[in-house]
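Hello,

Here is the structure I promised to pass on to you. Have a look at it first, and then read on for what turned up in it.

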Amino acid sequence: MNKKNLDQEPVSQAKHQNKQADEVIVIAVDGPTAAGKGTIARKLAQHLGFACLDTGLLYRAVAVKALENKINWEVGQAISLSTIARKLTPLDLSHPALRDEIIGRGASIIAAIPEVRSALLDFQRRFHLLGKPVKGVVLDGRDIGTVVYPDAHLKLFITASQQVRAERRYKELLNRGLPVIYAQVLLDVQERDNRDQKRSSAPLIPATDAIIIDSSSLNADQVLAIALQHVQKKLGLP
Ligand code: C5P
């Protein structure tokens, strides 16, 4: 099946099975909100020539579609939301509203619904089949090393203190020209951590074999350098 067809077809209906999964190298990059894991995942993938999936976009894409269809995520709606999740296609991951604050908040609530999480597993595990053949994939999220790919070849868990993460998010929002108050951003980070850590399904927790990198006093280049050392040590890649 070529890429064009896969783009247009709900992933759950595609005929390909996970044949390649054992052949590609999987790097899991997990961690709490605003820890900088997306940047590290992207840079790692670029450096290694791997494909990269920001799995938060999947939960955000479900929120975008829910909003479009007037489905209220505050009151459960497990069946409608998991139906949306099962039908996502790669095209849904480029919607202009994905980064909106309301969508981020909705994604965080929706991500606590077990039916939605299991509906999105297939997409994440088949992602390496969706484009041209790749040697490896980097997936960033909350549960990649614990649930999506418990056998990932390398697991990184990138974290930082809540204050540092809130400051980074605050500066990012200011740079986007949005009116923000630091105290509100900190509260939002705390709420998201709380939801990610306390949910019963796939709570945010480092895998027992994950390498934990605390980026509180490091910049992105320093974190990348540490990550690359582990790539070299564990995977023997340059
Ligand atoms: O990382 P990002 O903020 O884009 O993710 C949106 C929301 O999706 C997060 O608040 C988190 O609760 C959820 N998420 C998740 N599991 C993942 C990726 C994201 O629960 N693997």
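**What was found**

Buried residues make up 39% of the 238 residues in the chain. Please keep in mind as you read that this is a predicted model.

**The chain as a whole**

The secondary structure consists of 10 helices and five strands. The radius of gyration is 17 Å, close to the 18 Å that the globule rule gives for 238 residues, so the chain is as compact as a globular protein of that length. Along the principal axes, the C-alpha atoms fill a box of roughly 45 × 45 × 35 Å. If you count the contacts with a separation of 6 or more, 78% of them are between residues 24 or more positions apart.

**Helix H3**

This helix deserves a visit of its own. H3 has 13 residues and spans 19 Å from its first C-alpha to its last, close to the 18 Å expected at 1.5 Å a residue. Its buried residues are Leu 57, Leu 58, Tyr 59, Arg 60, Ala 61, Val 62, Ala 63, Val 64 and Ala 66. What lies over them? The cover for the buried residues of H3 includes strand E2 (51-54), helix H4 (78-86), H5 and helix H6 (114-126). After H3 comes Lys 70, which has a positive phi, near 55 degrees.

**A residue in H5**

One more stop, if you have a minute: Ile 109, which is found in helix H5. Is Ile 109 buried or exposed, or partly exposed? With 19 other C-beta atoms within 10 Å, Ile 109 is partly exposed, because a residue counts as buried only if 20 or more lie within that distance. Leaving aside residues up to four places away in sequence, Ile 109 touches Trp 73 and Glu 74.

Note on methods: Residues are numbered from 1 along each chain as its sequence is written. This is a predicted model: local features need pLDDT of at least 70, side-chain atom pairs count only at pLDDT 80 or more; totals for chains, interfaces and linings use all residues. Helices (H or I, at least four residues) and strands (E, at least two) are DSSP runs, numbered from the N terminus. The radius of gyration is taken over C-alpha atoms; the globule rule is 2.2 Å times the number of residues to the power 0.38. A residue is buried if 20 or more other C-beta atoms lie within 10 Å of its own, exposed if 12 or fewer, and partly exposed in between; C-beta atoms are placed from the backbone. Two residues are in contact if their C-beta atoms, placed from the backbone, lie within 7 Å. The expected span of a helix is 1.5 Å times one less than its number of residues.
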